[in-house]
Every structure is written in structure tokens, then in C-alpha cells.
Amino acid sequence: MKRAHRYDVIVVGAGGAGLMAARYAAQNPNVSVAVISKLYPTRSHTGAAQGGVGAALGNITEDRPEWHAFDTIKGGDYLTDQDVAEAFAYEVIDAVYELEHMGLPFSRTPDGRIAQRKFGGHTREFGKSAVERACYAADRTGHMILQTLYQQSIKDNVTFFNEFHVLDIVIVDGECRGVVAFELATGELHTFHAKSTVIASGGNGRMFKVTSNAHALTGDLMSVVYRRGIPIEDPEFYQFHPTGLYRIGVLLTEGARGEGGILRNGSGERFMERYAPTIKDLAPRDMVSRAMYFEIRDGNGVGPDKDYIHLDLTHIDREIIESRLPDITEFARIYLGVDPVTEPVPVQPTAHYAMGGIPTNIDTEVIRDGNDTVVPGLYAAGEVACASLHGANRLGTNSLGDLIVFGRRAGVNAARFAAASPYGELPKTVQDYTHELLQRLRHGLGKEKVAHIRKELQTTMMDHASVFRTQETLSRQVEILRELKERYQSVGVEDGGQQYNTELMEAVELGFLLDNAEQLVHGALNRTESRGAHSREDYKERDDDSWLKHTLIYREGDGVRIDFKPVTLGKYEPKPRVY
Ligand SMILES: Cc1cc2nc3c(=O)[nH]c(=O)nc-3n(C[C@H](O)[C@H](O)[C@H](O)COP(=O)(O)OP(=O)(O)OC[C@H]3O[C@@H](n4cnc5c(N)ncnc54)[C@H](O)[C@@H]3O)c2cc1C
């Protein structure tokens, strides 16, 4: 029975969230654990994370978890669920020490403690001044986290199925019973029967043209569950990171501004002083990205077309740049031929992070509606999930924190559920849907090319649904997506082979991306206010009376249905965001 597998807990994805979940599930002696990943684990995007993981250790100056919780809620423009932010800010401290004990080589203070630096939106005493909260390993923090967790998972005897693409989820009588996956090496389908399934498959930035995200970030599971009746929460909140390398989008960490880097417009002015007088260049990302576009629109950009901004590090000691920011220095030199030690670096906002995703409660259980109805046996954590820690805008360093806190919760809870539950039955037809999906693509008309549709998707999403949006651009994008989906029906795959058919997988991934774009655009069109990363030029104000609520988008027929879920408020009253 090579192509049918049974594990008590399966984890989809081997990034930080997936490996953390697998490790913690494997601590439970009563359960077997397998990880399924379309990439070799250490190639997951977590390995590209640069700047740091935020935790109020207070190693440089005094810090407190309640300040961290407050910053997260305010940074999220009050769409953050406050119970989630509070639990997070406390647990992430312990989770960082745990990574240290697993052997993660953090950068150090002179007296040997974990080094910390400033990052956007992280402050002391509820907004008084910037605080050093980001724990880092030079600008390779994610790489170190991923390597450390992978080594630990091997030690814990977790079984890995690498280069397996999960293409469907098995939901019977409202319960999750596993997944169906495509093995890249052989072209065969495999059924994974499980008591608990943890989804940790990362983000979807590849729907945009200029992005910091790796090629594999195509939102697969956000589409897979959506096709099976589970909604997506808050997809309209998509973060643009201010400092992507001009035109190519490769990321330069916010840690560069944490170390003192400054953004300058075409006249050399430090324009963030006008937009965020207290914390200036370290304002949250949504505000900085918008400010950069305002400067460009007003003719204050840099370059012959005045269409970018400068990130200036030239006043910082060479030694600090090279020891604390070695990778990004290299990126600027290689990709743009610019040396950050002596010249300012051309940057522009780049599509970076999905605040929304598969809805979960605070225990990482996936929920299917606005009443928090749980899908038994299904968990989600990491960028693919939306426990609503990040609300309408994520603070830098809070994603790595999210992975370790909620990845751990998912592993523990999934294992506990599995240990107490029998295996549900699998339908005989379990692979039929996936089989037909692949057959359609293999034998498609071939009139359309995947690469063409993908390019159009990415360009139009950038033009109509990125940092600024209006009724007009979004309605136009709804139409474009309808046409692209129509055309997608006639794509064909030229490679008829079974083994390593990456062309076939790219075609499947394009279908996933189109679903992700549909979720985002409908959410954005529906939300007639501006909040966090969602900025409507025709509805410029935040509107708490009508919109202090989460979006839930369901697929219905050929279209979508939109519902809502209340925000969990707490001790922090929604206030205007001033920095
Ligand atoms: C360049 C860059 C720098 C960043 N820097 C920081 C930072 O300094 N601090 C911070 O907090 N955040 C940072 N972020 C954000 C953060 O790194 C990500 O949000 C986070 O790493 C996502 O982790 P994850 O475990 O959810 O998913 P990923 O690490 O993306 O892993 C996804 C996993 O899912 C698997 N997968 C996906 N689809 C399928 C499928 N269909 N079948 C099987 N497997 C599948 C993949 O193989 C992979 O193993 C950065 C992001 C980028 C892009």
C-alpha cells in the first residue's frame, strides 16, 4: 500500500510553523507524525526571513509583554483579536528561549545575552519611543530558525514526505480526515489518512508582480480549503513592505532602519518626519509604504522617472553594516550594483505578507463560520492561518513569533486530539477530484499558456489591488479575474511525462493563485473604509461603526459569498493611529 499512508498527525508544510507543529506533536508519545512538503524543508520561505523575531526580553532596554501586545493591536489598526495578541506577547518570550536552548545561534550582546534591535511599530510605554525588541541572528534569523527546527525534527523521528504537493483536503461529515498529495518524482497520487491535519503552507505573494516572496508561495491551501467550503478570513489585508529593491522586489529587512537607516525622497529629505514625527522611519509598514507613494506621486521620487525612494545607510559604520546586515548588503551589491556602505539604495514597496488566511480560534483550530464552529481534526498556523494576531497590518518580527507560538500550539493540540480520537472512514472516491483536476490540465485544449495568464494576473493585481484601491480599480479587477479564470479553463500542459512534471504543478498553482486573488479583490471591494494595509482612496477614513469586523469569504457557485465575524476587543479602545 505504498500510495496510502496513515499517520495520527500530518502537517502540511515544513517552514517554521510546520516544523514547530511537527516537533511538538512528536513530543506526545502516543501519536505518529508526518510532514508533507512541496519543497525540501530547508528551502521553505522561513529561511529567507532576515530581520528578527520580536519578544519583550528587555535585553537592551526595559521592555514588557503588555507593551508588545499593545503595539501589535495598534499596529493592526484595532482589527487584531486582543486575546490572541496578549497570549502571543507572553508566550513568544518563552518560545524564543526555547529556540535558544535548541541551539539557535542568535547574535549576542557584549555580556552574552540575545542581541535585540529596533523594528517598525515596536515601542516602549505604549508608543513613547522605539524599543529594541527584535531578537536576531545577523540578517539571517529565519535561516537559523529553519535549520535549528529541521535538525530537531529529525532527532524527534518525524517522517518527511518531501516534494509532495497537497492538492486536496478530505472533509467528511464536517470533519477533516487527511489530504491527497501529488508526488513530484513519480507523478503518483497519495492519500494521507490522519486524525489531525495541521496546515502550515505559508503565503501567497506570487499573485503580485513585485514581491519579496519565493516562487513557491502560491497560496495553495488557502484555495484547497476554500474549494471545500471553508472561508478565508480578511484576505483584503495584504502587506506591502516598504523596502524592496527597486523593480525586482527582493527584500531589504526593516532591520536596516532598525540599525539607523533613513528613507529619503528626491530632494534628499527625510520625509517620514512629516508622516510619523515620533518614530519616523520606524512607523508601521502600511504607513511607510503609503508615504513613499505619496512622495512619488507629488513628484518627490528619486531617479530619472522619479519613481523610487532611497534607503540611506551611508551614515552608519561600515563595521555595523557588514556584521549585522551582511546578506542585504550583498543583495544590493549583486542585484543593483549599489554598495550600501557608500551609496543610498533604490527601493520601492514590495508585496510581502498575507494578514488574512484560514480562520482559526486562539487554539489554532480551523473554524468554518462567524460563530466559531470548529472543523474537528483541522488546525492551521503560520502565514496561511488567520488567528487574527496581525489584524489589518502586521508588525515586522511578529510573523516569526507567530510561527513559533502558534506552530507550537497547533502541534500540541493536534496531537492531543489525535491521541483521543479514532480514525474516521475514508470514502473510496477520495482521489477522484484530484485525479480529474490533473487530467483536465494534462489534456486541456492548450490554447492558453500558464505563463501568460500568470503574468497578466500579477501585473493587474499590482495595478488595481495593491497599496491603493478604489471601487473602480477593484471592479475592473473582478472582471479581469473572471476573464482570466475563463481562459484558465483552456490551458494545456505540454509535458506529458509522469516524473518531475513541474509544468503540471505550475498549472495547478496558477489555479490556486487565481482563487487567492479572487478572495482578496472581493474582500477589498466590499470593505468601504481604509484600515491598516487596506487603503481605499474613495473611503479614506477608518469606519469603526460599520467595519470593526472580520471578513469571511466563501466560494459560492461561480462567485463568492461574504460574511463577517466580530473582532475580539479587550482593554485597548480603538483610537486613531498616531506615531
Ligand atoms: C524575504 C522575507 C523576509 C522576511 N523577514 C521576516 C522577519 O525578519 N521577521 C518576521 O517575523 N517575518 C519575516 N518574514 C515573514 C515570514 O518569514 C513568513 O511569514 C514566515 O516565514 C512564513 O512561515 P510559514 O511556516 O507559515 O511558511 P513557509 O516558511 O513559507 O513554509 C511553507 C511550507 O509549506 C509547504 N507547502 C506550500 N504549499 C504546499 C502544498 N501544496 N503541498 C505541500 N507543501 C506545501 C512548502 O513546501 C513550505 O515547506 C519575511 C518574509 C520574507 C519573504
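Biologist: Before we start, what are the ground rules?

Modeller: This is a predicted model, so local features need pLDDT of at least 70 and side-chain atom pairs count only at pLDDT 80 or more, while totals for chains, interfaces and linings use all residues. Residues are numbered from 1 along each chain as its sequence is written, and side-chain values use heavy atoms, with hydrogens and water left out.

Biologist: What makes a residue count as near the ligand, and how many residues surround it?

Modeller: A residue is near if one of its heavy atoms lies within 4 Å of the molecule. The ligand is surrounded by 40 residues, and the closest are Ser44, His45, Thr46, Gly51 and Glu383. By class, there are 16 nonpolar, 20 polar and four charged residues in that shell. Nonpolar here covers Ala, Val, Leu, Ile, Met, Phe, Trp, Tyr, Cys and Pro; charged covers Asp, Glu, Lys and Arg; the others, Gly among them, are polar.

Biologist: How much of the ligand's own accessible area does the protein cover?

Modeller: On its own the ligand has 1000 Å² of accessible area, and the protein covers 98% of that. Those areas come from the Shrake-Rupley method with a 1.4 Å probe.

Biologist: Which helix gives the most to the shell?

Modeller: That's H11, with four residues. Helices here are DSSP runs (H or I, at least four residues), strands are E runs of at least two, and both are numbered from the N terminus.

Biologist: Why is H5 called largely enclosed?

Modeller: Because seven of its eight residues are buried. Buried means under 20% relative accessible area, exposed means over 50%, and partly exposed is in between (1.4 Å probe, protein chains only). The buried ones in H5 are Asp220, Leu221, Met222, Ser223, Val224, Val225 and Tyr226. After H5 comes Gly229, with a positive phi near 90 degrees.

Biologist: What makes Gln458 buried?

Modeller: Its relative accessibility is 14%, so it counts as buried. Gln458 sits in helix H13 (residues 450-464). Leaving out residues up to four places away in sequence, it touches Arg206, Met207, Phe208 and Lys209, where contact means heavy atoms within 4.5 Å.

Biologist: What makes something a nonpolar core, and which residues in the largest one touch the most other members?

Modeller: A nonpolar core is a set of buried Ala, Val, Leu, Ile, Met, Phe, Trp, Tyr and Cys residues joined through side-chain atoms within 4.5 Å. The largest has 72 residues, and Ile199, Phe208, Leu457 and Met461 touch the most other members. Helix H15 (residues 502-526) gives the most to this core, with 12 residues.

Biologist: Why does Tyr78 count as buried?

Modeller: Tyr78 has 3% relative accessibility, so it counts as buried. It lies in the loop between helix H2 (65-75) and helix H3 (82-102). Tyr78 also has a positive phi, near 70 degrees, in a residue other than glycine.
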